[in-house]
Amino acid sequence: MNNVTVVSHPLIQHKLTMLRDKNTSSKDFRELVREIAMLMAYEVTRNLPLEDVDIETPICKAKGKVLSGEDIAIVPILRAGLGMVDGMLDLIPNAKIGHIGLYRNEETLQPVEYYCKLPQDIENRIVIITEPMLSTGGSMLGAIDLLKRHGAKKIKSIHLVCAPEGVEIVTKAHPDVEIYAASIDEKYNDIGYIVPGLGDAGDRLFGTK
């Protein structure tokens with residue numbers, strides 16, 4: 001799938017293995033998620049457009065390149081997506097932050113919105129959704145649909161681990177959305193957990209397991 005990128009950098013894979021370990025503490029888990037998000041941000045922002053500028057170094061006049069004004073919004077899906085925001089901000093400190101809250105209706109199994117707060121100029125920004133786990137794809141579909149209803153046109157998503165079934169569902173429904181993952185795992189099980197995965201990212205981030 002052309003719009004799916006697995007970021008296989010050795011540092012990311014090393015830290016991901018530590019994340020998967022059930023004995024990793026919440027403190028270390030939070031730090032690792034932040035570090036991986038920052039490292040993955042390099043790949044997510046690889047194709048940002050540049051423009052030429054004239055500057056003067058301590059030695060002479062020179063030409064350089066700067067970002068050409070593509071503004072960015074980082075939008076975590078509550079609550080686990082919050083764990084990836086600070087790592088992204090370490091690299092993109094001028095990004096604006098939105099928040100999307102979704103829960104799954106137990107009868108219809110469809111995502112239900114309970115909170116949405118986005119930058120007013122969301123339609124003019126590259127939107128990066130942060131969600132550690134892409135499992136069944138339900139929450140991601142809900143978040144993307146919501147963003148598009150608010151006018152977002154350029155959407156990327158960043159994940160720690162994905163189930164292939166969820167990736168397929170999202171790419172079929174939204175082929176224009178770019179997906180970045182540290183790993184695409186084997187599957188998700190009968191209760192929606194990714195295998196081998198890393199457990200419930202929200203519980204492990206916030207110590208509520």
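Contact here means heavy atoms within 4.5 Å. The model is predicted, so local features need pLDDT of at least 70 and side-chain atom pairs count only at pLDDT 80 or more, while totals for chains, interfaces and linings use all residues. Residues are numbered from 1 along each chain as its sequence is written, and side-chain values use heavy atoms, with hydrogens and water left out.

Thr-136 lies in the loop between strand E9 (133-134) and helix H4 (138-149); helices (H or I, at least four residues) and strands (E, at least two) are DSSP runs, numbered from the N terminus. Leaving aside residues up to four places away in sequence, Thr-136 is in contact with Gly-166, Ile-169, Tyr-188 and Gly-192. Thr-136 is partly exposed, at 29% relative accessibility; buried means under 20% relative accessible area, exposed over 50%, and partly exposed in between (1.4 Å probe, protein chains only).

An unreviewed UniProt entry annotates a "binding site" that includes Arg-79, Arg-104, Thr-136 and Asp-200; such annotations may be inferred rather than shown by experiment, and UniProt positions are given in the numbering used here, with feature names shortened. Arg-104, in strand E6 (residues 99-104), is partly exposed, with a relative accessible area of 43%.

In helix H1 (residues 10-20), the buried residues are Ile-12, Lys-15, Leu-16 and Leu-19. They lie on the same side of H1 because they cover an arc of only 105° around the axis, taken from the directions from the helix axis to the C-beta atoms. The face turned away from this buried side carries the exposed residues Pro-10 and Thr-17.
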